[in-house]
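Colleague: I have a model to go through with you. Please show it, and then I will ask about single residues and pairs.

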Amino acid sequence: MSTYTRGDSILTVDFTVNLLAPAVGEFLVAEAEVIRSGRTLTVCRLEAFTLEAGRRVHVATGCQTLIRLADTPDHQA
């Protein structure tokens, strides 16, 4: 959402998540990064980790492609 404007609608084109390990731990940390944001399509990388006894365990990874519908808000003002 960081690359779009408030008046845009966002739809998911593709969403893939690979579960790598059980999410057991004291905390769950999720990180995301915009790999490329074009005129209409944006590709993001997703990672999730647990923290247990000071150890970081990679529990999930994924990729998401979003499409921007410019000037088509999801809500009415």
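Colleague: Is arginine 36 buried or exposed?

Modeller: This is a predicted model, where local features need pLDDT of at least 70, side-chain atom pairs count only at pLDDT 80 or more, and totals for chains, interfaces and linings use all residues. Residues are numbered from 1 along each chain as its sequence is written, and side-chain values use heavy atoms, with hydrogens and water left out. Buried means under 20% relative accessible area, exposed over 50%, and partly exposed in between (1.4 Å probe, protein chains only). Arginine 36 has 58% relative accessibility, so the residue counts as exposed.

Colleague: Which strand holds arginine 36, and which residues does it contact beyond four places in sequence?

Modeller: Strands are DSSP runs of E, at least two residues, numbered from the N terminus. Arginine 36 lies in strand S2, residues 27–37. Contact means heavy atoms within 4.5 Å. Leaving aside neighbours within four places, the partners of arginine 36 are Leu41, Thr42 and Val43.

Colleague: How many salt bridges does the structure hold?

Modeller: Side chains of opposite charge can pair when their charged atoms come close. The criterion is a side-chain nitrogen of Lys or Arg within 4 Å of a carboxyl oxygen of Asp or Glu. By that criterion, the number of salt bridges in the structure is 3.

Colleague: Take aspartate 8 and arginine 68. How many residues apart in sequence are the parts that this pair ties together?

Modeller: Their side chains meet in a salt bridge, at 2.7 Å from N to O. Aspartate 8 lies in the segment before S1 and arginine 68 in strand S4 (residues 55–69), so the parts tied together are 60 residues apart.

Colleague: Is aspartate 8 buried or exposed?

Modeller: Arginine 68, its salt-bridge partner, counts as partly exposed because its relative accessibility is 26%. Aspartate 8 has a relative accessibility of 5%, so this residue counts as buried.

Colleague: What is the closest N and O distance between arginine 56 and glutamate 31?

Modeller: The two form a salt bridge. Arginine 56 lies in strand S4 and glutamate 31 in strand S2, so parts 25 residues apart are tied together. Arginine 56 is partly exposed at 46%, and glutamate 31 is partly exposed at 37%. Their closest N and O atoms are separated by 3.2 Å.

Colleague: Which residue forms a salt bridge with arginine 45?

Modeller: The closest N and O atoms of that pair are 3.0 Å apart. The pair links distant parts of the chain, strand S3 and strand S2, 12 residues apart. The partner of arginine 45 is glutamate 33.

Colleague: Glutamate 47 has no salt bridge. How far away is the nearest side chain of opposite charge?

Modeller: Lys and Arg count as positive and Asp and Glu as negative; His and the chain ends are not counted. Glutamate 47 is in strand S3, residues 41–52, and is buried. The nearest opposite charge is arginine 45, at 4.8 Å.

Colleague: Which side chain makes a polar contact with that of glutamate 47?

Modeller: A polar contact is a pair of N or O atoms within 3.5 Å; within protein, one must be able to donate a hydrogen and the other to accept it, and residues adjacent in sequence count only if both atoms are side-chain atoms. The distance here is 3.0 Å. The partner of glutamate 47 is threonine 61.

Key
Helix = DSSP H or I, 4+ residues; strand = E, 2+ residues; numbered from the N terminus.
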